[in-house]
Amino acid sequence: MSKMDRGSSEPPVARNTGSAPSTSTGPVSIPRSFSVSSHPHPGSKKHKRTPLYQRSMSFDPGMLHNNGHTAYANGTGPGIRETGVVEKLLTSYGFIQCSERQARLFFHCSQYNGNLQELKIGDDVEFEVSSDRRTGKPIAVKLLKIKPEVLPEERISGQVVSAIPVHLDGKSAPGQVPTGSVCYERNGEVFYLTYTPDDVEGNIHLDTGDKVSFYMDTNKHTGAVSARNIQLVKKKQMRCQGVVCATKEAFGFIERADVVKEIFFHYSEFKGDLEALQAGDDVEFTIKDRNGKEVATDVRLLPQGTVIFEDISIEQFEGTVVKVIPKVPTKNQNDPLPGRISARIGFSDKELPFGEKDTKSKVTLLEGDHIQFNISTDRRDKLERATNIDILPDTFDFTKETREMGVIAAIRDGFGFIKCVDRDARMFFHFSEVLEESQLHISDEVEFTVVPDMLSAQRNHAVRIKKLPKGTVSFHTQSEQRFVGVVEKELASAAKNASPNKNKEKDVEEGVIAYEDCGVKLTVNYHGKDLEGGCHPQVGDKVEFSINEVKRTGQQSAVSIRVLNRNASNAKRLQGFVATLKDNFGFIETANHDQEIFFHYSEMCGDLENLELGDTVEYTLSKGKGNKVSAEKVTKVAAVNGIGEDVSVTVMSGKVIRPLRSVDPSQTEYQGLIETTEEGGTKGQNYPFGIMGMANKADCLQKGELVKFQVCTVAQTGQKMACNVVPQRRAMVECVKDQFGFITYEVGESKKLFFHVKEVQDGLELQTGDEVEFSVVLNQRTGKCSACNVRRVSEGPKPVVTPRPDRLVNRLKSITLDDASAPRLVIVRQPRGPDNSKGFSVERKTRQPGVID
C-alpha cells in the first residue's frame with residue numbers, strides 16, 4: 001500500500017476517463033494522487049475531465065461573519081454608509097474614528113444633518129466617504145447622529161456561527177454558562193449575538209451552519225443584546241472532504257473526494273492558520289451555491305492521510321513502455337496521463353496510462369523499456385492506471401539504445417560531468433538520471449546513454465546512468481609485451497626543473513625513445529609522468545617500456561619506463577644527507593659534513609612526501625647557470641651510520657657561537673660552531689657541527705644558546721666534530737604582560753627571550769616564576785630571537801598578598817564621616833540582585849579600616 005505524491009502546487013489538467021474493468025488484485029486503500037475535474041460531454045456516456053482554474057468569486061450575505069464588519073472590504077463603495085465615533089470636535093470641523101476599520105476621517109460641520117449644539121465628542125454617527133477635491137484625501141460627508149436602536153419584536157432569521165461545545169453543555173464550571181453565537185444580516189451589515197442552552201427551544205443541539213430564527217433580548221442590567229427563543233429552521237449541509245490542489249494569492253482549489261471535480265474556495269472561508277495552508281493538505285468543507293456556481297465554505301484542516309482517492313494493488317506486474325511522456329508538452333496536449341504501458345494481466349493484454357508522478361524516479365523512460373509497476377484504481381470513477389513504475393535491470397536488453405562508458409570528472413550541486421571514452425567533450429548529467437539511487441563520486445566508472453537536449457538540439461547530455469565496478473572503464477589499451485629501446489631525446493629541461501606545484505597540466509616537450517619491433521625501426525614519445533622511480537633518463541640510456549594507445553585517437557606513447565643501465569659517460573654518484581627542505585627546493589649536507597649542495601624537487605627520484613631532514617641520499621653533481629653547482633637525480637637510499645664512529649663518552653657543555661647556515665642564511669660558512677665551557681672540557685675550545693650532529697634534526701640552534709654535546713671523529717677526514725647536540729632550553733618566566741612576556745634565557749646579546757601568549761601550548765596562563773620549555777626562532781628581518789612552542793613544565797610559587805602600607809591603614813582609621821576633606825561615594829543606581837530583587841541576600845557586615853577578610 002502506498003500514498004501518491006500530492007505536493008504539486010499547480011492545478012492538474014484533465015484526463016480521459018472510461019469504464020474499465022477492475023482487476024482482481026486485492027485493492028488496498030491509499031491516499032489519492034492528483035486532482036481532476038469532470039463535466040458531461042454531449043452525446044457521450046464517457047466524461048472528459050476539464051480543469052476548473054478560473055472561477056468567479058461570489059458571497060452569500062447570509063453566511064458572512066466577518067466579526068461585525070460590513071460586507072465590503074473597506075466600506076468605501078459608492079453610497080455605502082459607515083459608522084464611527086466623533087473623536088475630536090472644533091468650531092467648524094472635527095474628526096471621526098471609523099468603527100469598521102482602522103481609519104480617522106476629517107469632516108466639516110456643514111456636512112452634519114442636525115443641530116450642531118447636540119453633537120458631542122463620543123457620539124455615534126453614520127456617514128458616507130468622499131474625497132477632498134483639493135487634496136484627494138478621504139473625508140466624511142452626510143453625517144447623521146445614530147439614535148439608540150429599538151429592538152424589533154419580530155423573529156429574525158440567521159444562522160449558527162459558533163455552536164455550544166457538546167462537552168460543556170450542562171457541565172460548565174460553577175458560575176459559568178456555556179455560550180454559542182448566531183449571526184444575522186441587516187442593511188448589508190452582519191451582526192453577532194450570543195446564546196445559551198436555555199435560549200434554544202425544543203431541547204435540541206445546534207451545529208455550526210444551522211439556519212435558525214430567534215428574538216433579540218436586552219439585558220436590563222448590562223445592556224448586552226443576546227438571542228432568545230431560538231428555533232431550528234434548516235440543518236446545515238453535510239460536510240465534504242478533499243485535498244487542496246492549488247493555492248493562489250487570495251483563493252485556491254480543492255480536489256473533491258466524492259467526484260472527479262475541483263471546487264473553488266476563498267481564503268476568507270478557511271478556518272485556521274492561512275500561512276500553514278499548502279497544496280496537498282487534507283480538508284473538509286461545506287458546499288454552497290453562489291451566483292449559480294458551487295463554492296467551498298467553512299474549510300477546515302483534517303489530519304494528513306484522511307482523504308483517500310484510490311486503491312493500489314499489492315501485486316506487482318511487469319510490462320513494456322509503448323509510449324513515453326514527451327519532455328516538452330505540446331500545445332494541444334491536455335491529457336494528464338499521456339504515457340502508455342502494455343502488459344499481460346490475467347489472461348488478457350492491457351494498455352494502461354500513466355503520468356509524470358507515476359514513476360518511482362525521474363530517470364528517463366524509453367520506448368521498449370522493461371518495467372514493473374502497480375495498478376491504481378480511482379475510487380470515484382474506477383479508472384485504472386500504472387503507478388510506482390520502476391525500470392528493471394535487464395531493460396537494456398530490450399531497448400535499442402547505444403550505451404557509452406566514462407568516468408565521473410566533476411560533481412556540482414545536483415549535476416555533474418562525465419569524461420567519455422569515445423568522445424572528446426565532457427558530458428553533462430543530472431543526479432535524477434542515476435539508476436538504483438546509488439551515490440556517485442568523482443572517478444566513479446559509469447555507463448550511460450547520450451540523448452539530445454530538448455531545449456538545444458546541438459547539445460547532448462547523459463541519461464540512464466548506471467554505476468560500473470572499478471576497472472571496467474579503460475581509456476587506453478596497454479601492450480602486454482615489453483619493449484627495449486634507447487633514449488633518443490630527453491624531456492625538455494623546463495619540464496624537469498619546473499616546480500612540482502606548477503605546470504602540472506602537461507610537459508613542455510615530450511621525450512623520444514627509439515626501438516625495434518619485428519626488424520622495423522620505430523620511435524615513440526614519452527612523458528615524465530610515465531617514468532618509474534621518477535628518474536629522468538638521459539640520451540643514450542637503455543630503457544624498458546610498454547606501449548599505450550588511446551582508444552579515442554589511436555595515439556601511442558611509452559609508459560612504465562624503467563632505466564636498465566646508465567650511459568657510460570654519466571657522472572659519479574655521491575652520498576649526502578638532507579639538511580634543509582623549503583617549498584620547492586632543498587640542500588644536501590655532503591658526506592664530510594662541511595658543505596651543503598642545492599637541489600630542486602624536480603630532481604628527486606621517488607616520493608617527495610617521505611623525504612625528511614637527515615635522510616641519506618645519493619646524487620650527481622652538475623653545473624647550471626653561472627657555474628653554480630647543484631645536485632641532480634637525487635635518490636633516497638638506506639640510512640648509514642651517523643656523523644662518525646669514534647664518539648667520546650664524555651658529555652660536554654657549550655655555547656653556540658655560530659649557527660648552521662640554514663638558521664642564518666647571511667653567513668658564508670655552512671657548519672655551525674660550539675664553544676666549550678668549563679664543564680667536561682677545555683674552556684674556549686671550538687667544535688663544528690652539521691645537521692647530522694643534531695640529536696633532533698628539527699631543532700634550530702640560535703647563536704648564544706647553551707647546549708650539551710659529545711665529540712666524534714669523521715672517518716673520511718679525521719676532523720673532530722660535535723654530535724648528539726641537545727639544547728638546554730628550560731628556564732623561568734621572568735614576567736608576563738597583557739599579550740606577551742619574557743623568559744630568563746640568554747641567547748645572543750640579550751639576557752631575556754621574548755614570547756607571545758599565543759605560543760603557549762594548551763592555552764595556559766603563565767605566571768612569573770613558572771618553569772617552561774620552548775624552541776627558539778630567529779626573525780631574519782630584525783635579527784632578534786623569540787620563543788615558540790612554549791610548554792609549562794612546573795608552576796612557580798604562588799604570589800603572597802602583601803599587606804597594606806601602614807600609612808594607608810592609618811589614614812583609613814583617621815577618616816570620619818563628618819570629615820569634609822575625605823573622599824565620598826555617591827549612589828548613582830541602587831544595586832539589584834541576580835533575581836532582579838533589591839539589595840543583596842548576604843547581610844552586610846561592619847568592616848574595620850585596613851583589615852582584609
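User: Why is the contact between Arg792 and Asp770 called a salt bridge?

Analyst: In this predicted model, the closest N and O atoms of Arg792 and Asp770 are 3.7 Å apart. The cut-off is within 4 Å for a side-chain nitrogen of Arg and a carboxyl oxygen of Asp, so the pair counts as a salt bridge. Arg792 sits in strand β52 (residues 785–794), and Asp770 in the loop between β50 (753–756) and β51 (771–778), so this pair, 22 residues apart, links distant parts of the chain.

User: Okay, and how do you know whether Asp770 is buried or exposed?

Analyst: Buried means under 20% relative accessible area. Asp770 comes in at 2%, so it's buried.

User: What makes Glu544 and Arg562 a salt bridge?

Analyst: Their closest N and O atoms are 2.5 Å apart, and the limit is within 4 Å, so they qualify. Glu544 is in strand β34 (residues 542–550) and Arg562 in strand β35 (residues 556–565), 18 residues apart.

User: Why does Glu544 get one accessibility label and Arg562 another?

Analyst: Glu544 has a relative accessible area of 17%, so it's buried. Arg562 has 38%, between the 20% and 50% cut-offs, so it's partly exposed.

User: And Glu401, why is that called buried or exposed?

Analyst: Its relative accessibility is 16%, so with the line drawn at under 20%, Glu401 counts as buried. Glu401 also forms a salt bridge with Arg403, the closest N and O atoms being 3.8 Å apart.

How values were computed: Residues numbered from 1 in each chain as written. Predicted model: local features only at pLDDT ≥ 70, side-chain atom pairs only at ≥ 80, totals over all residues. Heavy atoms only, no water. Buried < 20%, exposed > 50% of the residue type's maximum accessible area, 1.4 Å probe, protein only. Helix = DSSP H or I, 4+ residues; strand = E, 2+ residues; numbered from the N terminus.
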